Amino acid sequence: MILKNFIVFEGIDGAGTSTQINMLKKRPDADRFFFTTEPTDSETGKFLRKMLKGDVELDPRTSAFLFAADRNEHLYGKGGSNCGVVAQAESGKIVVSDRYLFSSLTYQSVTCGDELPRRLNESFPLPEILFFFDINPEISLKRVLGRGETEIYEKLDFQKATAGRYRAVISEYEKMNTGMKIIRLDASKPIEEISCIINEELAKRK
Ligand code: TYD
């Protein structure tokens, strides 16, 4: 099922999704949007951030369950200030999320195989548009390391595995007839150029 008014940005760490969301926040009509991110700022999301920092060590399957639980709260709950996406989209806001279930199908499939993440995420709605920020991990990791503090997934071997898996996941969805529009972006291009493509796509929406 497609959730109308729901737009998702996906890509490996350092691909530039947050930068583009920050650009959208500066649009004169930014109040038409509801900007959000996964993990959310609910208690589950905060716990996941501790895991990502390496402060809590979890079995990879536990992480897969928690990312899915956080997603359910993101869509349907009130557990955090950025939760309740379905209600926002149904009220007419254009919801833009930095990451969604494609992150689980990618990252968690690298850490615990693809069966569990697939099963946990199969009933969630798909976005109207998915922007996939495709980038070579050597370039993106340089951006991430330039920021200072890093998370447990932000290592070259892991990012290489993730980049390959992302491309495979996106290709699978391109072959399915889901009704979701997939836009692949060359995320090594200049910020302004990518921003133009995103704005054009958003303007085409009915
Ligand atoms: P990220 O989106 O890069 O946020 P920040 O810029 O604050 O570090 O970090 C979130 C990390 O969580 C990223 O490495 C991907 C990972 N992640 C998963 O492994 N599975 C998921 O389902 C989601 C939503 C994120």
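**Ligand contacts**

I started with Gln108, where a polar side-chain atom lies 2.7 Å from a nitrogen atom of the ligand. I count a polar contact as a pair of N or O atoms within 3.5 Å. The model is predicted, so local features need pLDDT of at least 70 and side-chain atom pairs pLDDT 80 or more, while totals for chains, interfaces and linings use all residues. Residues are numbered from 1 along each chain as its sequence is written, and side-chain values use heavy atoms, with hydrogens and water left out.

Next I looked up Arg49: an N or O atom of its side chain is 3.1 Å from an oxygen atom of the ligand. For Glu151, the side-chain N or O atom is 3.4 Å from a ligand oxygen. Taken alone the ligand exposes 560 Å², and the protein buries 86% of that (Shrake-Rupley method, 1.4 Å probe).

**The shell**

I found 13 residues around the ligand (a heavy atom within 4 Å), and Asp13, Arg71, Arg99, Ser104 and Gln108 are the closest. By type I noted four nonpolar, three polar (Gly would count here) and six charged (Asp, Glu, Lys or Arg).

Which helix gives the largest share of the shell? It is H5, with four residues. Helix H2 (43-53), helix H3 (60-76) and helix H5 (101-112) each supply at least two (helices are DSSP runs of H or I, at least four residues).

**Gly92**

I also checked Gly92, in the loop between helix H4 (85-90) and strand S3 (94-98; strands are E runs of at least two residues).

Technical notes. Polar contact = N/O pair within 3.5 Å; in protein donor to acceptor, adjacent residues only side chain to side chain.
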